[in-house]
Amino acid sequence: MWFARLLLVLAGPLAAAYDLDPDSSSSVISIAKQMTEDMMAFYNGDKPGGVPGLLPPPYYWWETGAMMGSLIDYWLYTGDNQYNKLVEQALLFQVGDHDDYMPRNQTLTEGNDDQGFWGLAVMTAAESRFPDPPSDKPQWLALAQAVFNTQAARWDTQNCNGGLRWQIFKWNQGYDYKNSISQACFFALGARLALYTGNSSYAEWADRTWDWMTGVGFIDQYWRVIDGAHIGHNCTDHVPYQFSYNAGGFILGAAAMYNHTESPVWKERLDNLIKGSEVFFTGPQKNIMTEVACESVDRCDLNQQSFKAYVSRWFAVITKWAPHTYDVVMPLLRASAVAAAKQCSGGDNKRMCGLKWYQDKYDGSSGVGQQMAAMEVTLACMVKDTPAPVRHDNGGTSLGSPGSGGLDIGRDEPAPPNYKPISAGDRGGAAILTVLVLGSLVAGIGWVLLDETSDEGALQQLKGLKNFAFAAAAAMAAAVVALVAAAKAGRQTHGFRGKSGLRVANEDESSSSLAVLEKNQALEGATVRIGRVRSESMGAQRRLSNMPIGWPRQNNYTRSGLTEELTIEPRTSGSGFEGHGR
């Protein structure tokens, strides 16, 4: 008997691993449900003391937005709505003052890519017909448009002839870096908005982004998507590392553009990008998704542990927009799903998922990223039975607002605080309090100056302090006069007012509005922060893009001979795939 129990204990971890049947909907749903439960064990935003839309430290704000996108997928694939209210709460809580995912509590952590992931999440909500918010709340499509509008205004032609910087705010490390994932989020969001709304302006921005990426060499002749470069070198000091979500974001956008335009040019681009992404599939059959830049050397950081979730999600959805890709990507997704499930045997519950899918045993790592990736690739096995993303003209219900995000357009510093206007009652109360405080102060000083050892009484001593009393009275009178003068001057001042009276400057007023913004910036004080910010996490500064610590910032293959101003030559097509960047 004891021997049998010992065998059960030893075999426990192996027995707990999932045995996924990718052809069985019940198997996929059952396993995905458990993976999702284990992912949500890391989230406390819906519990007392938690903040909706924030994972606890050390996770960053952007990954919660990505996780909400995965929960929308979970609902779409399985029909299980148990997390829907949680998702709605999180997506609406983090919209910020101007409904564009620029909340004040993330000024030290938010980059264009971070904001982009929240924008992609609400775009998925609109395309999936995720239950619309109440009518008095911002709507999914309008939120996606707001994110796009604020980012389009940050398109930086002064450096590298275009592109988005990694960071939004000037003081954050990486403001001098232009990375591919920021462009990928912007590109994919624009392409999907073009497809959903039919508005050609979004498609024009997608074209512009593609032309810049290829012109600057971030998408190279072999259809590899590198990480980025620095503006100090005119974006020629290419950081060559390939991360799966960079390629995945452009594959997603290219599929949307192909569906929108039905152009063979976009079909060729899509097919070549997919061919170029083969580098991310390893194993004996070269069909197991792998984060090749860091997995094999055990250097994937907290962010990189989640990248395969987005590639899995995006590879699945492109089969709806470009059906010819189904036979190419689905064998990869199915093989990866089975492999991912086999190594989910960690943790106290013996079913936590690790990172390395190409090995059959659990690798000892666990976290939100690992769970989300395993869940997304598992759900992808059911994509054929899942409804295609809708558009505004074939079932879409989410309401848009093409001009949304206007109050944050072009902003590279946080908005000043929304102080309410000072009323006459406020001024009167301040004056009364000032007089009371000064009177108490004078009385206290007078009491301190009394000599307890003197033979004179208190009244006689106070008479001797008449000069002091006259000076104190004069000081009080001067204070009252100053308060009255300040109150009158306050009525004549103008500038940034409270939320109800906030004035939006047009282009002719931009310089004066910036001066007002800088003047009021001093009033804001310390930024309210909830959770850990990137620059403080684990005692380290936020590193360049998603490269592990210690990796070089520049490669040895820096392009030379370029002029100071890059000439961007759009290419309508490219050569076939010629090699891999392993």
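Select Asn234 to begin: this residue sits in the loop between strand S2 (228-230) and helix H9 (244-261). Helices (H or I, at least four residues) and strands (E, at least two) are DSSP runs, numbered from the N terminus. The model is predicted, so that local features need pLDDT of at least 70 and side-chain atom pairs count only at pLDDT 80 or more, whereas totals for chains, interfaces and linings use all residues. Residues are numbered from 1 along each chain as its sequence is written, and side-chain values use heavy atoms, with hydrogens and water left out.

**Backbone features**

Asn234 is not a glycine, yet its phi is positive, at about 55 degrees. The residue counts as buried because its relative accessibility is 12%; buried means under 20% relative accessible area, exposed over 50%, and partly exposed in between (1.4 Å probe, protein chains only).

Asp99 is not a glycine and has a positive phi of about 55 degrees. With a relative accessibility of 32%, Asp99 is partly exposed.

Then select Pro57 and Pro58, which are joined by a cis peptide bond with omega of about 10 degrees. Pro58 belongs to the loop between helix H2 (25-40) and H3. As background to these stops, most residues other than glycine have a negative phi, and most peptide bonds are trans.

**Salt bridges**

The structure holds 16 salt bridges, a salt bridge being a side-chain nitrogen of Lys or Arg within 4 Å of a carboxyl oxygen of Asp or Glu. Side chains of opposite charge can pair when their charged atoms come close.

Display the side chains of Asp220 and Arg224, which form a salt bridge at 2.8 Å, N to O. Both Asp220 and Arg224 are buried.

Move to Lys275 and Glu278, a salt bridge in which the closest N and O atoms are 3.3 Å apart. Lys275 is partly exposed at 38% relative accessibility, and Glu278 is partly exposed with a relative accessible area of 31%.

The next pair to select is Lys356 and Asp298, whose closest N and O atoms lie 2.4 Å apart in a salt bridge. This pair links distant parts of the chain, 58 residues apart: Lys356 is in the loop between helix H12 (326-342) and helix H13 (368-379), and Asp298 is in the loop between strand S4 (288-289) and H11. Lys356 is buried, with a relative accessible area of 13%, whereas Asp298 is exposed at 60% relative accessibility.

Select Glu37, Asp38 and Arg351 together: salt bridges that share partners join these residues into one network. Glu37 lies in helix H2 and is partly exposed, with a relative accessible area of 34%.

**Contacts across the sequence**

A second pair to view is Thr150 and Leu407, 257 residues apart in sequence and 8.7 Å apart in space, C-alpha to C-alpha. Thr150 lies in helix H6 (residues 140-152) and is buried, at 0% relative accessibility.

**The largest cavity**

Rolling a probe the size of a water molecule over the atoms shows where empty space is left. On a 1 Å grid over the protein atoms alone, a cavity is a set of points where a 1.4 Å probe fits but cannot get out, and lining residues have an atom within 4 Å of a point. Grid points are joined across faces, edges and corners, and a volume is the space filled by probe spheres set on the points.

The structure holds ten cavities of 30 Å³ or more, and the largest cavity contains about 200 Å³ of space. Its lining comprises 18 residues, of which Asp73, Leu76, Thr124, Val317 and Pro389 are the closest to its centre. Colour helix H3 (61-78), helix H5 (112-128) and helix H11 (307-321), each of which supplies at least two residues of this lining. H11 provides the largest share, five residues.

By class, the lining of the largest cavity has ten nonpolar, three polar and five charged residues. Here Ala, Val, Leu, Ile, Met, Phe, Trp, Tyr, Cys and Pro count as nonpolar, Asp, Glu, Lys and Arg as charged, and the others, Gly among them, as polar.

**A surface patch**

Finish with Ile432, Leu433 and Leu436, which make a nonpolar surface patch of about 330 Å². Patches are made of residues with over 30% relative accessible area and no salt bridge, nonpolar side chains (Val, Leu, Ile, Met, Phe, Trp, Tyr) being joined within 5 Å and like charges within 9 Å. Accessible areas come from the Shrake-Rupley method with a 1.4 Å probe; for residues, only the protein chains shown count as cover. Leu433 lies in helix H14 (residues 424-449) and is exposed, with a relative accessible area of 55%.

Conventions:
On a 1 Å grid over the protein atoms alone, a cavity is a set of points where a 1.4 Å probe fits but cannot get out, and a pocket is an open set with protein on both sides within 12 Å along at least five of seven lines; lining residues have an atom within 4 Å of a point.
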